[in-house]
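Colleague: Talk me through this model, please. Keep it quick.

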Amino acid sequence: MHEMSIAAAVVEQVDAAARDHGAPGVARVRLQVGELAGVVPQALDFCFELACAGTLVEGAVLQTEQVAARARCGPCATEWDVGMPPDLGCPSCSGGVSGGIPGSGVSGGGVELLSGRELQILDVEWAGHPDRPAEQKG
């Protein structure tokens, strides 16, 4: 379950930032999670709670914002939600169904993955200071 390693990394970063800023604790952590990031939100919530134990993040609320996977066809400029499992074939001109450059976000036929792989901390709210969010990460 890689959600535990993700939760542990988030807690480690947020705990360190809270200590650096002299915050008494953390009230909220907001994450952006792409549809294609392979993260199960309920598992991440559970792991986050476990990873927070004994840190300044303990008791914080985890809010995740899902980002839909979207693609654009280079030849015809059509944009679409690729869904899960991802469909990178252009719905207008059928481009992009084969080939591509692994890891680049570009599939065959000039289809570019625009969003859906995000996994980042958007912001953190320190405990006792709801009007003073932490600096944005990522």
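Colleague: Take contacts between residues at least 6 apart in sequence. What percentage join residues at least 24 apart?

Modeller: In this chain, 64% of them do. Contact means heavy atoms within 4.5 Å. One caution: this is a predicted model, where local features need pLDDT of at least 70 and side-chain atom pairs count only at pLDDT 80 or more, while totals for chains, interfaces and linings use all residues. Residues are numbered from 1 along each chain as its sequence is written, and side-chain values use heavy atoms, with hydrogens and water left out.

Colleague: How many helices and strands?

Modeller: Two helices and eight strands. From the N terminus the order is α-β-α-β-β-β-β-β-β-β. Both are DSSP runs numbered from the N terminus: helices are H or I with at least four residues, strands E with at least two.

Colleague: What percentage of the chain is buried?

Modeller: 39% of the 138 residues. Buried means under 20% relative accessible area, exposed over 50%, partly exposed in between, with a 1.4 Å probe and protein chains only.

Colleague: On to packing. Which residues touch the most other members of the largest nonpolar core?

Modeller: V10, V14, V26, V29, L31, F48 and V57, out of 25 residues in that core. At least two core residues come from each of α1 (2-20), β1 (26-34), α2 (41-52) and β8 (119-126). α1 gives the most, seven residues. Apart from this core lies another of seven residues, including A69, A71, C90 and V111. A nonpolar core here is a set of buried Ala, Val, Leu, Ile, Met, Phe, Trp, Tyr and Cys residues joined through side-chain atoms within 4.5 Å.

Colleague: Pick V26. What is V26 in contact with, leaving aside neighbours within four places in sequence?

Modeller: V14, A18, L56, V57, A60, V124, E125, W126 and A127. V26 also stands opposite W126 in β8.

Colleague: Now the open sheet of three strands. What is the strand order?

Modeller: β2-β1-β8, with mixed pairing. β2 (61-67) and β8 are the edges; each has a single partner strand, so one side of each has no neighbour in the sheet. The twist averages 20° from one strand to the next. Two strands pair if DSSP finds at least two bridges between them.

Colleague: Do the pairings one by one. Parallel or antiparallel for β1 and β8?

Modeller: Antiparallel, over seven bridges.

Colleague: Why is β1 called largely enclosed?

Modeller: Because seven of its nine residues are buried.

Colleague: Which strands do the helices lie across?

Modeller: α1 lies across β1 and β8, at about 40° to β8. α2 lies across β1 and β2, at about 155° to β2. Axes are lines fitted to C-alpha atoms, for helices over the stretch in contact, and angles run from 0 to 180 degrees between N-to-C directions.

Colleague: What is the phi of A77?

Modeller: Positive, about 65°, although A77 is not a glycine. A77 is in the loop between β3 (70-73) and β4. At 53% relative accessibility, A77 counts as exposed.

Colleague: Last one, D81. Which strand holds it?

Modeller: β4, residues 79-81. Leaving aside neighbours within four places in sequence, D81 is in contact with A68, A69 and R70. D81 and A69 are twelve residues apart in sequence and 5.7 Å apart, C-alpha to C-alpha.
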